[in-house]
Amino acid sequence: MTVRTRFAPSPTGFLHIGGLRTALFSWLYARRHGGQFVLRIEDTDLERSTDAAIQQILDGLEWAGLTHDEGPFFQTKRFDRYKEIIQGMLAQGTAYYCYCTKAELEELRAGQIARGEKPRYDGHWRERTDVRDGVAPVVRFKNPLVGEVIVEDVVHGRVVFQNSELDDFIIARSDGSPTYNFCVVVDDMDMGITHVIRGDDHLNNTPRQLNMLLALNARVPVYAHLPMILGSDGAKLSKRHGAVSVLQYREEGFLPEALLNYLVRLGWSHGDQEIFSIEDMVRLFDIGDVNKSASAFNGEKLAWLNQQHMMRAPAARLVEPLRWQLQQLGVPTAGDAQLEQIVLAQRERAKTLKEMAENSLFFFRAPEVYDAKAVRKHVTGEALTAVEAVARGLAELPAWSAPDIHAFITDFAAAHSTPLGKIAQPLRLALCGGTVSPPIDATLAILGRTEALSRLLRALETWRGEMYEHARGALQRPSDAGNSG
């Protein structure tokens, strides 16, 4: 049997991490077993489904790398097929027309609640064959009245439902449009889905769908209902916990492989291993190992994993996403070689690519001002002399590389009996505007000889001018005070 899984989101909102984890588990199971992963868009909610939501789902899955083998299939394009199946069920007696009005159903429900009964349809039209003029009927599935439905769920184990607790639910509305539970069954049957992996909020739908599959003489798939993802406080996941669009994680600078690594560990484990590549996940994942307990979302853990993936990835892997982040910050373009150098210099200092881009803006924008507090601390007459001498020496270096720069500055400091920090900090101020940067040799190498020397000369001119103005002001003030009397 070829494994066929599906991801079937409803385009009534964005694709969030709960949906992405469902897609991931379905994708991994198909990949592990050499099967197919089918994408289906369940857009029968015509009032709430939007084209923007559909595109966001497609973009989110593409960014995450969860490529589908078939689809996307849209339920709204399959209405003729649904009508065909409904007519067949009506002819076979497994479905029937119900002419109850809305008022009658509300009255029935109110009476049941008043008597302490579970609200449900009472089968009033189940065995009738007459019609009711002036009322557009719905079509209901004739659910078995006795017996039980056993769901052998891979995650939750055996779950038993009594047919007496299930009413004859609607499969086609009065306007002829099919309902969710019916469309899902027909789609899974037609598409040959062998394993249905979805959130456990769908577990209560399963007995109804299973009964319908049996009525249609269709093969029953294997079901696996995944536990919920909760917020760190144990409450239902919301925007404040991280339930935002999947693409928001791209904007925040997360790698898709890091996000998938984090999501796969929400309910699944392989020993004590924390860091998984996509290849690791495909090789090791088994839906039978998923825990049925809910998992808590932890943003700090996700950030840690993201940094681990950034540090372990080839530098070239981070070039494009870093370029994208820089473009969002107004840096129009940057060369691959320079970006690779920035990645190597910065990735241990940032947890996200967005943070890396923000910390690296100085490579593309010369400082217009210098941190005043740092200038007072590090820019002295002695420092100016040292920076000027270093600039002259750098201009004459035969090769412009981090090792050559490092050797020159180290030798200069030793020759002048000066601590390396006394030289490095004024240099950082001149190059970056502050005292935080990668090692000074790497910073100079990434900037390039021309840009680095230009910044050093500009800083020297600025600082000398400020020192001159300060000295002149100090000389003038006593004179002014003397003349005031």
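1. Buried means under 20% relative accessible area, exposed over 50% and partly exposed in between, with a 1.4 Å probe and protein chains only. Gln 209 has 1% relative accessibility and therefore counts as buried. The model is predicted: local features need pLDDT of at least 70, side-chain atom pairs count only at pLDDT 80 or more, and totals for chains, interfaces and linings use all residues. Residues are numbered from 1 along each chain as its sequence is written, and side-chain values use heavy atoms, with hydrogens and water left out.

2. Gln 209 lies in helix α6, residues 206-215 (helices are DSSP runs of H or I, at least four residues, numbered from the N terminus). Apart from neighbours within four places in sequence, Gln 209 contacts Tyr 180, Asn 181, Val 184, Val 185 and Arg 198 (contact: heavy atoms within 4.5 Å).

3. Helices α17 (residues 420-432) and α18 (residues 440-447) pack at about 30°, with axes 10 Å apart. Axes are lines fitted to C-alpha atoms over the stretch in contact, and angles run from 0 to 180 degrees between N-to-C directions. The angle makes α17 roughly parallel to α18 (under 35 degrees; over 145 is roughly antiparallel, 65 to 115 roughly perpendicular, the rest oblique). On the α17 side the contact is made by Ala 424, Leu 427, Arg 428, Leu 431 and Cys 432, and on the α18 side by Ile 440, Thr 443, Leu 444 and Leu 447.

4. In the largest nonpolar core, of 59 residues, Leu 322, Leu 394, Leu 444, Leu 456 and Trp 463 touch the most other members. Such a core is a set of buried Ala, Val, Leu, Ile, Met, Phe, Trp, Tyr and Cys residues joined through side-chain atoms within 4.5 Å. A second, separate core has 49 residues, including Leu 20 and Leu 266.

Key:
Helices (H or I, at least four residues) and strands (E, at least two) are DSSP runs, numbered from the N terminus.
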